[in-house]
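We will walk from stop to stop, picking a few residues each time.

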Amino acid sequence: MRTLKFIVKGQTIHPDPRCDFSGLIPGTGGYLQAEFSFSKEWVSTPKVVAFFSRLGNEYPPQALKDGRTCMIPEEALQKRFFKVQVLGQNGLVTNKLEIDQKGGCV
């Protein structure tokens, strides 16, 4: 299993610069999980991660296990691009971050 790591500060989500996002290949299911590090605004609130197509179609949202990780739904991994967004029960919402599955190695 491979883990894509994200950092959430306030309402902004971005890839963890220490995590390698290269070599992602569309069509893989049950292989990618997402892990999130949150700023203090997010610590005590339940969170859900939403995944979208490039055109805005929503895939099954995922509750965060242990408040930090979830599987990326297979439906989101079928195309070259997908977007990820975090929503908190306290009303906080992040931007949608687009992930590019280039389909090969760097």
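A charge sits over a ring if NZ of Lys or CZ of Arg is within 6 Å of the ring centre and within 35 degrees of the ring normal. Select Lys96 and Phe52: Lys96 lies over the face of Phe52, at 3.9 Å from the ring centre. Then show Arg54 with Phe81, where the charged end of Arg54 sits over the ring, 3.6 Å from the centre.

Before moving on, a word on the model. It is predicted, so local features need pLDDT of at least 70 and side-chain atom pairs count only at pLDDT 80 or more, while totals for chains, interfaces and linings use all residues. Residues are numbered from 1 along each chain as its sequence is written, and side-chain values use heavy atoms, with hydrogens and water left out.

Strands here are DSSP runs of E, at least two residues, numbered from the N terminus; two of them pair if DSSP finds at least two bridges between them. Colour β4 and β5: they pair in the antiparallel sense over 4 bridges. Phe52 stands opposite Glu58 in β5. In the hairpin, 5 residues lie between the strands, and Gly56 takes a positive phi near 100°.

Now pick Ser53, in the loop between β4 and β5 (58–63). Is Ser53 buried or exposed? Ser53 counts as buried because its relative accessibility is 7%; buried means under 20%, exposed over 50% and partly exposed in between, with a 1.4 Å probe and protein chains only. Leaving aside residues up to four places away in sequence, Ser53 touches Tyr59 and Lys83, contact meaning heavy atoms within 4.5 Å.

**The aromatic rings**

Rings of Phe, Tyr and Trp (its six-membered ring) pair if their centres lie within 6.5 Å; planes under 30 degrees apart count as stacked, over 60 as edge-to-face and the rest as tilted. By this rule the model has 5 aromatic pairs. Select Phe6 and Phe36: their centres are 5.3 Å apart and their planes at 20°, so the pair is stacked. Phe6 belongs to strand β1 and Phe36 to strand β3, so this pair ties together parts 30 residues apart in sequence.

**Last stop: Leu87**

Finish at Leu87 in strand β7 (residues 81–88). Leu87 counts as partly exposed because its relative accessibility is 32%.
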